[in-house]
Amino acid sequence: MMLLRQTVSRLVTTLITLFGVAVIVFVVIRVVPGNPIAMMLPPGASEADIERLKTLYGLDKSIFEQFIIWFSNVLHGDFGTSISTRQPVLSLVLDRLPATLELSIMALVMAVAIGGTLAVLGTRFRGRKTEAGIDVANGIGLSIPDFLWGLALILLFGVLWPVFQISGRVSPRLELPFTSQFYLFESLLRLRFDIMADLLSHMFMPALALALPLAAIISQLLKLSLKETVNLDYSVLARTKGYSETKVILSEALPNSILPTLTLVGVQFTFLIGGTVIIERLFSYEGLGNMAIDAVINRDLPLIQGIVILFAILFTFVNLAVDMTYAFLNPKLRHA
Amino acid sequence: MLDGRGSIRRRSGARLWLSAVWLTLFVLAALLAPWISPHDPLAQDLMLGRLPPAWVAGAEPGYWLGTDSLGRDVLSRIIHGARIALVVALIAGTATCLLGSALGMVAGFYRGWADRLISRLVDIWMAFPPVLFAILLIAVLGTGLTSVILAIVIIDWTRFCRVVRAETLNQSKMDYVHSAKVAGFTRLRTLATEILPNVLPTIIALLTLEMGIAVIVEAILSFVNLSISTDQPTWGGMIAEGRTSIHQAWWVLVFPLVALFLTVLSFAQFGDGLRERFDPVLR
């Protein structure tokens, strides 16, 4: 019962947040200095052009009416037409979303793998040089943002020891037999490992750049909770049963200390997705973020709105999913 | 147990020292830029284009870190780029800190509708990808130093607000707040003289962290060519240039990147070190 009530109230706040996002986007673009027409047109456009555009976008009406029209269109899935490409915003945006999702999920997997391994190693060799080394690495990983990691990786694996691709999502010479934009997923399903290798070679550096700060956070927090649990009764019991220290950590301590890390990973995952904007730019990866920056540079107003709102939906739903998972996994809340 | 605390203190000591040394160099470079940079950072000389750093074959004497494709001295540009970075770190960092901390303390101490409103705003803000938000704001506000600083403040206040609110909430439950109430302190006085000093260490640690973040945001905006005008040398702008000629002249990317790396790392480590030093629990 409690769970149901919580779910409903969380859904309501999510909707309020999304409405707030729509208002902010609208306000930032329409009310702040200048007007959207000035943002759309090249300098030196004629009066007639300005008037025509104003009528086209309903800008001759009051701000309030404009918001109602715009918002009801958005609710119907109509985000307008991109100014630079003349295509519907929604299809443009949905076309690019899979690329960004694949990159984000790959980065998340890498972060969990790296962070988890370091946490277990640090716990296994606690109090020794290995742990001190991991602590220093965590400190650096936490302080340096994805943008700088991306640049450092380009120098390392793109120039100094050029083993990975530094630009794009897939080599242009490859024939792609895909029907969806989920290239990596589809290449796996179709068993096209040649294309998959090429995709992974392009994805490795941007995903690693996004993963490193999160890996440091996971490593730090998980190590902390692991070190608490390895001294609890059930771990001690497992040890007296003759389990090896590594096995105690993996099979006894880990399942019992994963919950706080899981919540944090969920929240941090939205930061990771936010990081794709600049990382995609850095690696010329054809995802949403790269398109967003182009849209701003081209002053493509409807496209910017669409992308920002799609990101906001993504973020709020990741948060919602995390909260629900937490409520479901946490026995205190489940049985209340 | 004692052993562990000793090693924390020793490590935080080294971190504080190393980061303080780099930050001092950074501030000095920014303040003294016109007097210490070996060349004019804007002087172009196509005859001297893409000179490698001094220790690599083909270098010209006097150009320690080489030159970019237009023959501008990389070292001088890094030194001058520190000025923008410093201004952004100080002004944007402080303004973000003041706005976010004030809202966070109000939300955490007064609770009620103020808390609900501020927390809802934070939720909405958290639904924006920060870099995209920054780029959008610059597109609307126009490029320039003021816009960059304004954009950072508008985006990052939530970072302070969330932490300071939680901390204020914790402190408000403490006995000393009760005593202040009993002693007849007004709410505002309790907040300013009792709670603020206890939240301050957290705020200061966050502030140094934010200064590093502000430098990064400026660099990212410069990188996508949306920051300061292009004739002002910035680290982000240099990095954007270096990224395009990475195979011909790695030094144009490497040196500003190292400067940015060390500065951001130092701000973060300095803040962490300060917090550990002043944290009564760890001490």
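**Exercise 1.** Which residues does A:Leu121 touch, not counting residues up to four places away in sequence?

*Solution.* The model is a predicted one, in which local features need pLDDT of at least 70 and side-chain atom pairs count only at pLDDT 80 or more, while totals for chains, interfaces and linings use all residues. Residues are numbered from 1 along each chain as its sequence is written, and chains are lettered from A and ligands numbered from 1 in the order in which they are written.

Step 1. Locate the residue: A:Leu121 belongs to helix H5 of chain A. Helices (H or I, at least four residues) and strands (E, at least two) are DSSP runs, numbered from the N terminus.

Step 2. Apply the contact criterion, namely C-beta atoms, placed from the backbone, within 7 Å. With residues up to four places away in sequence left out, A:Leu121 touches A:Thr130 and A:Ile134.

**Exercise 2.** Determine whether A:Leu121 is buried, partly exposed or exposed.

*Solution.* Step 1. State the classes: a residue is buried if 20 or more other C-beta atoms lie within 10 Å of its own, exposed if 12 or fewer, and partly exposed in between, with C-beta atoms placed from the backbone.

Step 1. A:Leu121 has 18 other C-beta atoms within 10 Å and is therefore partly exposed.

**Exercise 3.** Describe helix H6 of chain A and the packing of its buried residues.

*Solution.* Step 1. H6(A) covers residues 129-143, 15 residues in total. The expected span is 1.5 Å times one less than the number of residues. From first C-alpha to last, H6(A) reaches 21 Å, close to the 21 Å expected.

Step 1. The buried residues of H6(A) are A:Ile134, A:Asn138, A:Gly141, A:Leu142 and A:Ser143.

Step 2. These buried residues pack against helix H5 (89-124) and helix H9 (193-229) of chain A, together with helix H9 (250-278) of chain B.

**Exercise 4.** Characterise the contact between chains A and B from the side of chain B.

*Solution.* Step 1. The contact takes 35 residues from chain A and 30 residues from chain B.

Step 1. On the side of chain B that touches chain A, H3 (112-126), H4 (130-141), H7 (187-223) and H9 each supply at least two residues. H9(B) gives the most, with 10 residues.

Step 2. The residues of this side comprise 26 nonpolar, 2 polar and 2 charged. Here Ala, Val, Leu, Ile, Met, Phe, Trp, Tyr, Cys and Pro count as nonpolar, Asp, Glu, Lys and Arg as charged, and the others, Gly among them, as polar.

Terms used
Contact = placed C-beta atoms within 7 Å.
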